[in-house]
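Open the model in your viewer and keep the selection panel at hand. The stops below go through it one selection at a time.

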Amino acid sequence: FEDWLTPLLDEMLDEQLSTQRVWSPSSMIAKMGAAINDEDSICYWAQRNGVPIFCPAITDGSIGDMLFFHSFKRPGLVVDLVQDIRGINRMAIDAKRTGMLICGGGLVKHHICNANLMRNGAHYAVFVNTGQEFDGSDSGAKPDEAISWGKVRMDATPVKVCADATIILPLLVSQTFAQEPPAAD
């Protein structure tokens with residue numbers, strides 16, 4: 001991974017130095033999607049179709065480690081998280097209607113719900129996770145908590161599915177999005 005990512009980080013720094021570009025996590029992921037050139041990659045298809053991937057915790061894990069190591073070899077690369085906060089919030093604010101299908105919880109759930117708070121709530125919400133309410137975590141919060149904060153509209157009918165997302169998501173997709181329309185008569 002390091003042998004693949006380090007040259008991309010070098011290219012990003014070179015572009016930043018020559019054009020004053022400041023990278024965001026989503027623009028960094030788009031660059032990775034273009035470089036990976038693998039049709040099995042979600043990042044590849046998102047970049048190819050201009051769909052941003054927002055990752056507020058991009059520094060949590062191997063990419064963060066690579067950024068850390070790179071900062072010693074070639075200091076100066078800036079990755080601005082605020083650009084993506086503005087980006088996801090602006091998408092929510094400008095949308096006529098929004099829906100949330102959130103698999104898992106924690107930071108991702110909070111980030112998406114907060115974007116919808118900026119527009120007075122999502123019209124649709126499905127939360128799929130194993131989080132429980134008793135520990136006070138955002139992951140375990142029931143949809144009525146999101147309604148009380150204005151993250152989901154009061155007139156919405158949100159759903160929480162208490163199950164492992166890796167089991168439920170394929171079933172959900174196969175019975176909804178992947179359904180073939182009825183044949184024409």
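Is Ala115 buried or exposed? Its relative accessibility is 1%, and the cut-off for buried is under 20%, so Ala115 counts as buried. Bear in mind throughout that this is a predicted model.

**Stop 1: around Ala115.** Select Ala115, which lies in helix α6.

**Stop 2: the strands on either side of α6.** Select residues 99–103, strand β1, and residues 124–129, strand β2; the two run parallel and are joined by five bridges. To get from β1 to β2, the chain passes through helix α6, residues 107–117, in a right-handed β-α-β crossover. Gly99 has Tyr124 of β2 as its bridge partner, and Met100 stands opposite Ala125 in β2.

Now colour β1 by face. Met100 and Ile102 make up the covered face, while Gly99, Leu101 and Cys103 are on the uncovered one.

**Stop 3: on to the next strand.** Which residue of β3 is the bridge partner of Asn129? The partner is Cys162.

**Stop 4: a helix pair.** Clear the selection and take helix α1, residues 2–19, together with helix α4, residues 62–73. Their axes come within 10 Å and cross at roughly 55°. Because of that angle, α1 is oblique to α4. The crossing of α1 and α4 is right-handed.

Show side chains for the contact. On the α1 side, select Glu2, Leu5, Thr6, Leu9, Asp10 and Leu13. On the α4 side, select Ile63, Met66, Leu67, His70 and Lys73.

- β1 and β2 in parallel, with α6 on the path between them.
- α1 and α4, crossing at roughly 55°.

Conventions. Residues are numbered from 1 along each chain as its sequence is written. This is a predicted model: local features need pLDDT of at least 70, side-chain atom pairs count only at pLDDT 80 or more; totals for chains, interfaces and linings use all residues. Side-chain values use heavy atoms; hydrogens and water are left out. Two strands pair if DSSP finds at least two bridges between them. Helices (H or I, at least four residues) and strands (E, at least two) are DSSP runs, numbered from the N terminus. A crossover is right-handed if, with the strands pointing away from the viewer, the path from the first strand over the helix to the second runs clockwise. Buried means under 20% relative accessible area, exposed over 50%, partly exposed in between (1.4 Å probe, protein chains only). Axes are lines fitted to C-alpha atoms, for helices over the stretch in contact, and angles run from 0 to 180 degrees between N-to-C directions. Angles under 35 degrees count as roughly parallel, over 145 as roughly antiparallel, 65 to 115 as roughly perpendicular and the rest as oblique. A crossing is left-handed if the near helix is turned anticlockwise from the far one by less than a right angle, and right-handed if clockwise. Contact means heavy atoms within 4.5 Å.
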